[in-house]
Amino acid sequence: MSIRAEAEENLRVIRSLMEKATVYRAVSAPGALVGGLCSVLLSLVALTKSSPMEPTRFVEPWLAVLLITAVANFGLLWRDAVRRGEPFVSPGMRLALRAMIPALLGGALCLCIRAENGFALIASLWVLFYGISLLAASHFAPKSICWLGRAFFAAGAGLLLGSSQISAWARLTHHSGIAHAIMGGTFGLFHLLYAVCAWPRKSEP
Amino acid sequence: MFDFEKLDKLIHEKGRLGIMTLLATRPRWPFQDLKSELKMSDGNLITHLRTLHDAGLVAVTKEVLDRPQTSYALTARGRKAFGDYLSVLEQILKAGRK
């Protein structure tokens, strides 16, 4: 083997080992706690305030929760990176973003849905796409993120399989109430459960 | 003409290159994790780690948590040597393109 071919082969080995060994937690446990609490609170407030005559707004408040959670999560990831003396935009973060962005964009495109009782469908698709985005990063994520991704994917798939029943409920009750319940039950409760399971233990290095 | 003597022969060996690469990704690696990631035998891994440790590229920490555990990390010298080795590989590739 020529020295150039050997250098190429060694660089390939280094790259593949580094990618395999990179473990990146894209969702910090405290960030999930903030997101989970905000989601549960918003869904409870929306469910108590909305009525068939006066359906509450759906998209805007949930985008606000997304913004708050994203700011909190990135702030916590930045603090952790500073504490470890690593760059904020680490190779792990770049890998995670590259893997997650297509599915997250898919979720964003769901905002184009304009259908009667469409909020429940949008919420179900957000759950599904978020699950897919987490699963896309699963080969370099800790196990808890993989489980979170599986839970969201299963919930999203179940919601879509039962979408005709959900539409019927939405017609019987009020059209945004079901959607708020879906968001609170998944983004709220799943993230709270994840935060409890993935909370950093003192014995960990 | 590229000077191939610049290549650090200590790191260039496949097994030790794998060890140095993994050690560069995290602050420390327990022995068992290195073993399972690199799929090396205990004896082989210990021999390579000892060589790297004797050269001052790798630091060893022995501690007792719930059970005795030996962890390995790159020293500052090891991190620099690995960075230099990567630069040399890049230079070889660049020289080959000319």
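B:Pro30 lies opposite B:Ser71, a residue of strand 3 of chain B. The model is predicted. B:Trp29 likewise has a place in this pairing, standing opposite B:Tyr72 of strand 3. Together, strand 1 (residues 29-30) and strand 3 (residues 68-74) of chain B are joined by 2 bridges. The two strands run antiparallel.

Strand 3 of chain B also pairs with strand 2 (residues 58-64) of chain B. Here 7 bridges are found, and the direction is again antiparallel. Within this pairing, B:Glu63 has B:Gln69 of strand 3 as its bridge partner. Strand 2 and strand 3 of chain B make a hairpin, with 3 residues between them. Strands of a sheet pair through backbone hydrogen bonds, in either a parallel or an antiparallel manner. In chain B, the 3 strands build an open sheet with antiparallel pairing, in the order 1-3-2. Strand 1 and strand 2 of chain B are the edges, each with a single partner strand, so one side of each has no neighbour in the sheet.

Chain A is built from helices. It contains 8 helices and 0 strands. Its pattern along the sequence is α-α-α-α-α-α-α-α. Chain A has 205 residues, of which 37% count as buried.

Two helix pairs of chain A were examined for packing. Helix 2 and helix 3 of chain A pack at about 165°, with axes 8 Å apart. Angles over 145 degrees count as roughly antiparallel. Helix 2 and helix 3 of chain A are therefore roughly antiparallel to each other. Helix 2 of chain A passes helix 3 of chain A in a right-handed crossing. For helix 6 and helix 8 of chain A, the axes come within 10 Å and cross at roughly 165°. That angle makes helix 6 of chain A roughly antiparallel to helix 8 of chain A. The crossing of helix 6 and helix 8 of chain A is right-handed.

The largest nonpolar core holds 46 residues. Those touching the most other members are A:Ala120, A:Ala123, A:Val127, A:Ala137, A:Ala179 and A:Ile182. At least two residues of this core come from each of these helices of chain A: helix 2 (29-49), helix 3 (59-84), helix 4 (91-109), helix 5 (118-136), helix 6 (143-161) and helix 8 (177-198). Helix 5 of chain A gives the largest share, 13 residues. A second core is separate and has 23 residues. Among its members are A:Leu17, B:Leu17, B:Leu22 and B:Leu52.

Helix 5 of chain A was also considered on its own. This helix has 19 residues. From its first C-alpha to its last, helix 5 reaches 26 Å, close to the 27 Å expected at 1.5 Å a residue. Of its 19 residues, 16 are buried, so helix 5 of chain A is largely enclosed by the rest of the structure. An α-helix has 3.6 residues a turn, so residues three or four places apart point the same way.

Terms used
Residues numbered from 1 in each chain as written. Chains lettered and ligands numbered in written order. Predicted model: local features only at pLDDT ≥ 70, side-chain atom pairs only at ≥ 80, totals over all residues. Core = buried A, V, L, I, M, F, W, Y, C linked by C-beta atoms within 7 Å. Buried ≥ 20, exposed ≤ 12 C-beta atoms within 10 Å, placed from the backbone. Helix = DSSP H or I, 4+ residues; strand = E, 2+ residues; numbered from the N terminus. Pairing = 2+ DSSP bridges. Expected span 1.5 Å × (residues − 1). Axes fitted to C-alpha atoms, helices over the stretch in contact; angles between N-to-C directions. Parallel < 35°, antiparallel > 145°, perpendicular 65-115°, else oblique. Left-handed = near helix turned anticlockwise from the far one by under 90°.
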